[in-house]
Amino acid sequence: MAERQEQTAPDAVMTRIGQVVMLHHAGDREEARHRFLDLWAEIGEDGDPLHRCTLAHYMADTHDDPCDELAWDLRALTAAEELTDDRLAEHEGALAVRALYPSLHLNLAADYVKLGRSDAARTHLRRARGAAESLGEDSYGDGVRAAISRLELRLGEGGAPGADGWGPPRQRL
């Protein structure tokens with residue numbers, strides 16, 4: 001029984017990351033960056049891959065310098081590659097590992113666009129599109145697919161909007 005309670009207990013680090021994300025979304029980018037750095041120091045380079053992936057993913061958004069943003073997005077991808085579906089299942093509401101890749105590669109593609117590295121951007125954009133088949137038919141999946149399509153248009157990749165079944169998110173009835 002204790003083992004079962006332990007598995008369903010809230011993850012304190014994920015809760016703390018979520019609190020810093022709320023701080024960032026409220027507009028305090030600098031304070032969020034400092035708190036994320038403090039958390040990163042606690043977690044460490046060899047800490048739980050779920051914690052590292054999540055923190056690095058959000059940390060990237062707190063940076064103005066595209067090189068710093070890229071470095072954090074690369075850390076997020078590296079940590080995701082260490083994740084297992086079993087580890088994610090321990091965290092309530094978590095996606096399957098494969099559902100993380102479209103967003104992670106999309107972020108990397110956007111970073112490379114900012115750095116003027118269009119070949120690298122296109123590589124990650126193709127990876128994002130390829131991984132997008134794992135996304136659900138929900139608002140998260142619709143949003144990631146729409147962002148992939150927008151970046152493809154910006155880079156001149158792919159055909160016309162919606163040519164391959166991806167268009168604007170469908171309205172739910």
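This passage describes how helix H7 packs against helices H8 and H5. The structure is a predicted model, in which local features need pLDDT of at least 70 and side-chain atom pairs count only at pLDDT 80 or more, whereas totals for chains, interfaces and linings use all residues. Residues are numbered from 1 along each chain as its sequence is written, and side-chain values use heavy atoms, with hydrogens and water left out.

Helices (DSSP runs of H or I, at least four residues, numbered from the N terminus) are considered in pairs. The axes of H7 (residues 101-114) and H8 (residues 118-131) come within 8 Å and cross at roughly 165°; axes are lines fitted to C-alpha atoms over the stretch in contact, with angles from 0 to 180 degrees between N-to-C directions. H7 is therefore roughly antiparallel to H8 (an angle over 145 degrees). Their crossing is left-handed (the near helix turned anticlockwise from the far one by less than a right angle). Contact (heavy atoms within 4.5 Å) involves, among others, Tyr101, His105 and Tyr112 of H7 and Ala121, His124 and Arg127 of H8. This contact comprises twelve nonpolar, two polar and one charged residues; Ala, Val, Leu, Ile, Met, Phe, Trp, Tyr, Cys and Pro count as nonpolar, Asp, Glu, Lys and Arg as charged, and the others, Gly among them, as polar.

For H5 (residues 66-80) and H7, the axes come within 9 Å and cross at roughly 160°, so H5 is roughly antiparallel to H7. This crossing is also left-handed. Among the residues that meet are Glu69, Asp73 and Leu77 in H5 and Tyr101, His105, Asp111 and Lys114 in H7. By class, the contact of H5 with H7 contains ten nonpolar, two polar and four charged residues. Tyr101, His105 and Tyr112 of H7 take part in the contact with H8 and also in that with H5.

Terms used
Helices (H or I, at least four residues) and strands (E, at least two) are DSSP runs, numbered from the N terminus. Angles under 35 degrees count as roughly parallel, over 145 as roughly antiparallel, 65 to 115 as roughly perpendicular and the rest as oblique.
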